[in-house]
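Colleague: I am new to this structure and would like to learn how to read it. Could you take me through a strand, the sheet and a pair of helices in turn?

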Amino acid sequence: MTSRTDRVTALRPRYQDDLAHGWERFFAPRRTDCPWCGADRLKVRLRTYDLLQGKPGRFVLEQCQDCHHVFQNPQLNSDGLEFYYRDFYDGLGEENLAALFRGHDARYPLRAQAVLPHAEPETWLDVGTGQGHFCEAARAVLPRTVFDGLDISAGVESARQRGWVRRGYRGDFVELAADLAARYDVVSMFHYLEHSTDPEAELIAAHRVLRPGGHLLIEVPDPQCRFGRLLGRWWLPWLQPQHLHFIPVGNLRERLTELGFTVVAEDHAIPHDPIDLVAAAWLALSSLAPRKDEPWFAEAPGRTRRALRATVLAAGLPLLLLGALLDRLLKPTARRRPGFSNAYRLLARRDDRPS
């Protein structure tokens, strides 16, 4: 098996060639109006950089003062999306992603159970399925349901090969929706819409793919979470530059109704992931420490920088433990009190044709 060092060395020329032309070319022109409601009263909510991978670039989140939608502005263009997603969910980042999914195994059955009071689906399409971890876990809750997955990455092909999904569609959901029209009883989008360049187009595609009476299950970060303002750039759900849109729950409920859905359930408690403080501590420590070797850096770090990184991270271990403890202690409060949950979930039934 090729070592990580060898893989980084092999990838470095391509990344350095990409960056030789400057990272500014990865952005579309800045918008002067809100992509959700069209209002032109925008205010900067956050300025940050790539805290997880450390790829070059500066990112701005702006908030509409009318509808409170938060969005990346200027937004990544197609070249930017390819550059910043590369080696994040696959390639060099695949190991870290697999570990993250394993850490969320217990959450997958709860997501599947959210549908049970309203439907017993025969067919379920998980959009943004990745490597199909949810579908595999959900089968224990819904043994009679057939699960398919859709994703733009190669992970969906791996899911099909493992038998975690019956069919694995690789491509853009909006473009594939016509071929999948009225096939599914449930469409799920777990932490998917925030990655989309056009969330409304995704909702219209879901309406098309669902059978009449079918259900759309959505889970997204909550931009109204108080931790987002308290922690600033260190709040993990901001996740720049991958997260492009943050939709307040009232906005999403209203748009779903306009598109021919009826919202039948809303939950802010169970979707909350108690990692706000420990993740903030890790992001801050990782930013203070010298970066590990990555192909988007011009050269590998020397022995001194590697030793300094290990020292900083070791010294910060008590901070990480404290953050994890506080997250656990605050979990009941975050799930009971409005404004503290870092995510919300909506279940909507397809009733009418989109307007």
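Modeller: We begin with a term: a residue is buried when its relative accessible area is under 20%, exposed when it is over 50%, and partly exposed in between, with a 1.4 Å probe and protein chains only. Helices (H or I, at least four residues) and strands (E, at least two) are DSSP runs, numbered from the N terminus. This is a predicted model, in which local features need pLDDT of at least 70 and side-chain atom pairs count only at pLDDT 80 or more, while totals for chains, interfaces and linings use all residues. Residues are numbered from 1 along each chain as its sequence is written, and side-chain values use heavy atoms, with hydrogens and water left out.

Colleague: Which residues of β4 point one way, and which the other way?

Modeller: In a regular strand the side chains alternate between the two faces of the sheet. Here T123, L125 and V127 point one way from β4, W124 and D126 point the other way, and all are buried.

Colleague: In what sense do β4 and β5 pair?

Modeller: Two strands pair if DSSP finds at least two bridges between them. Strand β4 (residues 123–127) and strand β5 (residues 146–151) pair in the parallel sense, over five bridges; W124 stands opposite F147 in β5, and the bridge partner of V127 in β5 is L150.

Colleague: What is the order of the strands in the open sheet?

Modeller: The seven strands follow the order β6-β5-β4-β7-β8-β11-β10, with mixed pairing. Since β6 (168–170) and β10 (261–267) stand at the edges, each has a single partner strand, so one side of each is left without a neighbour in the sheet.

Colleague: How are α11 and α13 packed against each other?

Modeller: Two packed helices are described by the angle between their axes and the distance between the axes. Axes are lines fitted to C-alpha atoms, for helices over the stretch in contact (heavy atoms within 4.5 Å), and angles run from 0 to 180 degrees between N-to-C directions. Helix α11 (residues 276–288) and helix α13 (residues 317–336) pack at an angle of about 160°, with their axes 6 Å apart. That makes α11 roughly antiparallel to α13, a label for angles over 145 degrees. Among the residues that meet are D276, W282 and L285 in α11 and L319, G323 and D327 in α13.

Key: Parallel < 35°, antiparallel > 145°, perpendicular 65-115°, else oblique.
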